[in-house]
Amino acid sequence: MSATAALTVHNLRVGFGAAEPVVRGVSFEIAPGECLAIVGESGSGKSVTARSLLGLAGGNARVQADRLDLGGRSVQGLTDRAWESRRGKDVGLVLQDALVSLDPLRPIGREIADSLRLHTTLGAAARARRVIELLDAVGLPDPAHQVQKRSGQLSGGERQRALIAAAIALDPPLLIADEPTTALDVTVQAQILALLEQIKRSGTALLLISHDLAVVSRIADRVALMHDGLLIESGPTEQVLGSPQHEQTRSMVAAVPADKPRGTRLSPMDSPAARTIPRSPAPAPTATEQGEIVLEAIGLTRSFRRPDGSRQLAVDDVSFALHRGSTLGIVGESGSGKTTTARLVLALLEPEQGEVQLFGRPWSSIAEKKRRGRRPGVGAIYQDALGSFDPRRSVAEILADALGSALTHSRGSRRSPQSLARLTTLLDEVGLAGTVLSRRPLELSGGQRQRVGIARALAGRPEILICDEPVSSLDVSVQAQVLDLLDDVQRERGLSLIFISHDLGVVQHISDDVAVMRSGRIVESGPAARVFAAPQHPYSVQLLKAVPRLLG
Amino acid sequence: MQAELAAYSSQSVRPRRLAVAEGLAGLLALFLLIAAVVPQFLAPGDPLAIDPLAAFSPPTFAHGFGTDESGRDIYTRVVHGTQYSLVIGLAATAIGLGLGVVLGTLAGMLGPVVDFTVNRFLEVLFAFPGLLLALLFILVFGPGVATATIAVGLSTAPGYARIIRAQLIAVRGAAFVEAATVLGRTRWQILARHILPNTLAPLFVLATLGVGQAIVWAATLSYLGLGAEPPTAEWGAMLSAGRTYITSAWWMSFFPGVFIVLTAVTATVLGRSIDRRMRHA
């Protein structure tokens, strides 16, 4: 097997400068036509591993291995020049962000032709033909026309296809894809995965690097889990996902929210970040009778001016109702109008038509001056937690400021001992230690930042939380903890949530009701259980089919 | 391995060289500060005291930097001149910054009409080279230390205003400003607590760099006879007075010149060092 293996890696170690190695002895092989997925969270060393296989680990990296064979030939100690002749020909690379991977000023056809020009003897006309063939092979519609386009003129999926075309231009026996679908919408992701699978079936060995177990389980033959610079578990996909042996693997599998019913815990109870407040017992079965309506959107419409002066409808006649104590999930792909809807609900944007009512009283149609006093009742949690904090302020200042706003309205003094006590309670409630108080958000991890974000939203004692993609930039295990936390605070405080996400798995897990958005309209809405089990609208069906599921 | 070593050594030498420059700049800044606040401490004599017998003395033990055509001690004059240069530099920068903040904030906060008006006004100011603008101002209001200071301040204002406006527009759209709105803050609270601090902090560095430039400009104006009047112990004026005797008494222009250069360099080095620290903080 190892004689014919497309890639053999034995005891690979990579370190930077004098620091501890980040890859600490990794071994694996990939046979032609096989797909191995290396899965790990950020910082596990998976990308460094991939880059080392291409000689791209960086100038100050120390790459050592007992064996590092590409197509049966050792690539250890290759000079930069020697690597140049191997890359593209013996191994292709597809990166996550196609926008920065393609030169914005050159037509994609030229980008793809580059490697043909450097590595083959094809003439200009033959190269042009081959480029069109390649674009056709990766499923780009109308390739003869598209070759002239620059990366900025293509959609995310088209860019990714172009990038894959460039990577397979020389038909390398091995293709390395580092998070190839992470930046893409689910339906596009499904298409790209299908394309990769097709490339694999043609005999190319595929090394897939991803943080997402569900994504890789679709096409990987074998999965290897990476944690802290080591492969902690590897084997056939069904075996690893079906009966994970290692503790870390088990918690990663458990953290995937899709298909886990509402109220199921995603993170282990004894995780270090677990809260000190005792958890309430298992949730009562979802009540069938719905609470009163706390927030209602009626026929919201909002458009934006395009650069050429015409108007584009971002939100088109959107109506929904949020019931007390329940979660309304709004799901849609990029550009579907989810975030505009959130901004309308938060009264950061005025609707052109329709209105938002809060507790049966007008909310979007009144003057900001009148609204301001009621704002603490509606909290917001953002995707980019870091950006939502004033970079000059410490966590203590951020939270005190948020508490201050609540206290001003209840005629309290800002520095009272009660407010200090509330600060501590607040931190405790979101599972953070008091030591974070003196730190700035920049010094916190992604999960900690989002916890601070939740604490700030809770500070005003809101009854409604608007969450716009709150877990989209987090690792799966951290995402699981934050989802559990949201679930807990919702139950303890009886909050009503609007949860906006592109991730159907997450929405399915957390929502009571779901609204599916497309091009500014709600195409389908109803109880989550019903929509996910029996979607009516063709778009919902398509969207659901595209969701990666474990062992799907 | 060699690459590793090279990378390691180049990393460790650089900060050390910088630390030396920063240390020297710090010492110089301290010296200049003392010279500006308590010049008697460093040079007990009178900067205006005439001693015709000692005129045109080259640097000796009695007169470290030599004397001028009236026998005034150049060292004493240079030390006492520090306060002029420093005060003019700081005041001019403060005026430029103040004006820049007002114009930039107006343009950045008060909507498209004000923005348009302020921008056109700034463009007119930009059309003149900075020093020419200062000269024009002095032409209208007459020479003198105060006019020169205001003139220099005025000519640096458009640059600051532009930067503040751009920074303000960037910060205004930041997510944390929206978050503050959601918390129920008023427009002015957000401006004072979030937008202005985040706009002005990066400017602090620029202003420190600007002090050096303002000092050079102020000295230039004095040299041209448009700032401090001749007997005053101001560096630019001293430089100008020494020009006549440059072939026979080089020390008369050399030492004030050296101090202008050193002060400007000190301000620049300190500004860059603050910048670096803030970036890495």
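The mean for chain A is 84, with 92% of its residues at 70 or more. Select residues 271-285 of chain A: the pLDDT there is below 50, and the model gives this stretch 18 contacts beyond near neighbours in sequence. Two residues are in contact if their C-beta atoms, placed from the backbone, lie within 7 Å. Residues 407-414 of chain A also fall below 50, with 9 such contacts.

This is a predicted model, in which local features need pLDDT of at least 70, side-chain atom pairs count only at pLDDT 80 or more, and totals for chains, interfaces and linings use all residues. Residues are numbered from 1 along each chain as its sequence is written, and chains are lettered from A and ligands numbered from 1 in the order in which they are written. The model scores ipTM 0.74 and pTM 0.76.

**Domains of chain A**

Next, colour chain A by domain: domain 1 is 7-215 + 224-255, and domain 2 is 293-394 + 462-546. These bounds come from an automatic or database domain assignment. The C-alpha centres of the two domains lie 35 Å apart. At their contact, 13 residues of domain 1 meet 13 residues of domain 2. On the domain 1 side, α8 (186-201) and α11 (247-255) of chain A each supply at least two residues. The largest share of that side, 4 residues, comes from α8(A). Helices (H or I, at least four residues) and strands (E, at least two) are DSSP runs, numbered from the N terminus.

**The four-stranded sheet**

Select β13, β12, β15 and β16 of chain A, which form an open antiparallel sheet in that order. Two strands pair if DSSP finds at least two bridges between them. The edges are β13 (311-323) and β16 (361-362) of chain A, each pairing on one side only.

Axes are lines fitted to C-alpha atoms, for helices over the stretch in contact, and angles run from 0 to 180 degrees between N-to-C directions.

**The six-stranded sheet**

Move to the open sheet β17-β18-β19-β14-β20-β21 of chain A, where the pairing is mixed. Its edge strands are β17 (378-381) and β21 of chain A. From one strand to the next the twist averages 15 degrees. Helix α16 (residues 446-459) of chain A packs on this sheet, touching β17 and β18 (464-468) of chain A, and its direction makes about 170 degrees with that of β17(A).

For a parallel pair, select β14 (residues 327-332) and β19 (residues 496-501) of chain A, joined by 5 bridges. Val331(A) has Ser501(A) as its bridge partner.

For an antiparallel pair, select β20 (residues 513-518) and β21 (residues 521-527) of chain A, joined by 6 bridges. Ala515(A) is partnered by Ser525(A). The two strands form a hairpin with 2 residues between them, and Ser519(A) in the turn has a positive phi of about 45 degrees. Helix α20 (residues 538-546) of chain A lies across β20 and β21 of chain A, at about 100 degrees to β20(A).

**Chain B**

Switch to chain B, which has 10 helices and 0 strands. Its C-alpha atoms fill a box of roughly 75 × 65 × 30 Å along the principal axes. The average pLDDT is 82, with 93% of the residues scoring at least 70. Confidence is lowest in α1(B), at a mean of 67, and highest in α7(B), at 90. Over residues 1-13 of chain B the pLDDT stays under 50, and the model has 5 contacts for them beyond four places in sequence.

Select helix α3 (residues 74-109) of chain B. Its 36 residues should span 52 Å at 1.5 Å a residue, and the end C-alpha atoms are 51 Å apart, which agrees. The expected span is 1.5 Å times one less than the number of residues. At Gly81(B) the helix α3(B) bends by about 30 degrees, the bend being the angle between axes fitted to the seven residues ending there and the seven starting there. Just after α3(B), Gly111(B) has a positive phi of about 90 degrees.

**Between the chains**

Finally, show both chains: 17 residues of chain B are in contact with 21 residues of chain A. On the chain B side, α1 (2-37), α7 (175-182) and α8 (187-223) each supply at least two residues. The most come from α7(B), with 6 residues.

Definitions and conventions. pLDDT is the predictor's confidence in each residue, from 0 to 100.
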